[in-house]
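The tour below concerns disulfides.

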Amino acid sequence: MIETMLGRLKSSVLPSAILLGCAALTLTACSAVLASNDAENTVISAEVLRSADRLPVDEIVYFMLPDRFENGDMANDTGGFPGGKLDHGFDPTDKAFYQGGDLKGLTSRLDYIQGMGATAIWLGPIYKNKPVQGGPGQESSGYHGYWITDFTDVDPHLGTKADLKAFVSGAHERGMKVYLDIITNHTADVISYRECHDPDFTSPTKVEGGCAYRSIADYPYSTEGGPEGTPINAGFLGDAPHVQTYENFEKLTHQNYAYTPYIPAGEEDVKTPVWLNDLQYYSNRGETTWSGESSLYGDFSGLDDLLTTHPVVVDGMINIFKDWITEYRIDGFRIDTTRHVNPEFWAAFLPAMKNHAASIGIPHFYQFGEVYDPDPGALARFTRVDGFDQVLDFGFQSAVFAVVSGQEPTARLDQFLRGDDLYGDTTWKGLTQPTFLGNHDMGRFSGMLKSAIPGISQDELLARTKLAHGMMMFMRGVPVIYSGDEQGFVSDGNDQLAREPLFPSQTAVYNDNDLIGTDATTAESNFDMNHPMYTYIAKTAAIRQSHAAFRRGAMETRLFEVGTNTDTGAGMNVGQFDAATGTAFAFSRFDPVTGQEYLVAVNTAPTAQQTNVRVEPNTQGFTSLMGVCPATVATMATAQLDVPAFGIVVCQADGRADRHVR
């Protein structure tokens, strides 16, 4: 923490004014202040002021898939694999294949990332992947990084271990953190089942139409192919939490309880570490249905589901990812497919990562899980039960999109924020939750807006997209910017359609997109630091980083509107509503040390609005941080604000609230 760091500086020769100035800044900013002094007087090393000392709430995160960011080395485009597209996976004209981005390219653009105000980088998976998967006509490549064969090495399409070290070092030298995207739920699709994959299998148990999920009740571990089958695995007590022990799992010696799994010829040793090539460490129950028991034990789109109740798998994954922390000084993990792994695994894995990181000098290791659900109650289950300190805030994304798109009145935001109490103390009432607007799976915020509002103009699309990014910067949570949003990318849909590269693309389905804020297309290099989205993000990021209230302070809703049905006059929460009564939202953030209030007002309407907002009763006046704020209060405890169309106003008040001082 900054307070701790300042304590270390007491004996330095730095002027007290500099130290006091540092107290109001993040460590990155403080480091810059110190660096500006002459070398003779600067006795504080960069190591003391390293980025690892910052709290996770102080970060602004930039997320990208490295294959879709910048191509720094064309020599690795095919990953060194011989053959054609279906062998090496590279085809820059096809959205489903490697396009050429790599770690060298990413390192070359660190100044660009930092220039928009990002202080941490969430790096999509960089592990060695199976280059191509999928049946005839359904092939695609592992450019996204989620089809891992070697959990210990960098995918050759992206570079080398040395390239990764250079990237992490380059980020750390700039005071930026690095979060790795990790997977513990599954590996690449290697394992097959005789009953539905082997063309030479002639048994009556052969099935057609895919490998449907086979449950533990219908296909218990104790018999082969169902309750009436041949007894197997004598003495094995199943994998309930109280029997997840080495002694019990030593009795799970046969894997043909549901299907007859096998590894196709030539792939017997394709996975690393070597224990991952053993069938006993997989669930082997067929395709998930995405619900119930199958959500934990089913194969995720054919990917080999790890038996994460097995203690060898638990310890193996712990050792794998400890090594990544040790070797590369990683600052945190984004954890994929969180909901598809059992709570007992997380109870062992999460503290092991945090404790290991702390033991080697990374005190604030940040781990956030991916749970694709907008319901705060569903998300809170993973902080209350599974032990996550925070999960990706799909609830935030859903609420902000509903309001900024005009589908719901601003009461939706208040309803969402009331769910923060569900998370418990670990998230600081939502402050540590990573918030986002769109991503590589669900699509870009701008693309979703365009789909939701037919005929929307480019100017309005830009204005609404800016507004949402401003809200993300000033509301509670840790903002996550999706690569390309700062360049006005507008996706045609989700998944592969929302993974455009920032370097010149050769993919037609990307290059016909109409970007906002620019005349450029994705066929050009898009690293324009003067793009209106880039400069807007940089401006709002600077305000956030300059005032602790927006990073660490409590958030209190001041104004929301339920909307009024224009036909009946009745209040309504969903659907069409009167734009004059459902589009205002205001909230306050409070400095955690002084209690000073910061007032933020939002207008989701296409016309300017004047609105009265409650403030602290001891407030007399305001300083404008963004937009135009009134010089004084309208009357005691009331501010009158003029908020432009699709606009946001940010005011620093002179009032304080002791109730929000920690």
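A disulfide here is a pair of cysteine sulfur atoms within 2.5 Å. In this predicted model, a search of the whole structure under that criterion returns 2 disulfides.

**Stop one.** Select Cys196 and Cys211. Their sulfur atoms are 1.9 Å apart, and the pair is joined as a disulfide. Now colour by secondary structure. Cys196 sits in helix 8 (residues 194-197), while Cys211 belongs to the loop between helix 8 and helix 9 (246-249), so the bond ties together parts 15 residues apart in sequence. Switch to a surface view. Cys196 has 18% relative accessibility and counts as buried, because the cut-off for buried is under 20%. Cys211 is also buried, at 6%.

**Stop two.** Select Cys629 and Cys651. This pair forms a disulfide with the sulfur atoms 2.1 Å apart. The angle about the S-S bond is -95°, and the link of Cys629 and Cys651 is left-handed. What does this link tie together? Cys629 is in the loop between strand 21 (622-626) and strand 22 (638-643), and Cys651 is in strand 23 (residues 648-656), so the connected parts are 22 residues apart in sequence. Are the two cysteines buried or exposed? Cys629 is buried at 10% relative accessibility, and Cys651 is buried at 0%.

Methods: Residues numbered from 1 in each chain as written. Predicted model: local features only at pLDDT ≥ 70, side-chain atom pairs only at ≥ 80, totals over all residues. Heavy atoms only, no water. Helix = DSSP H or I, 4+ residues; strand = E, 2+ residues; numbered from the N terminus. Buried < 20%, exposed > 50% of the residue type's maximum accessible area, 1.4 Å probe, protein only.
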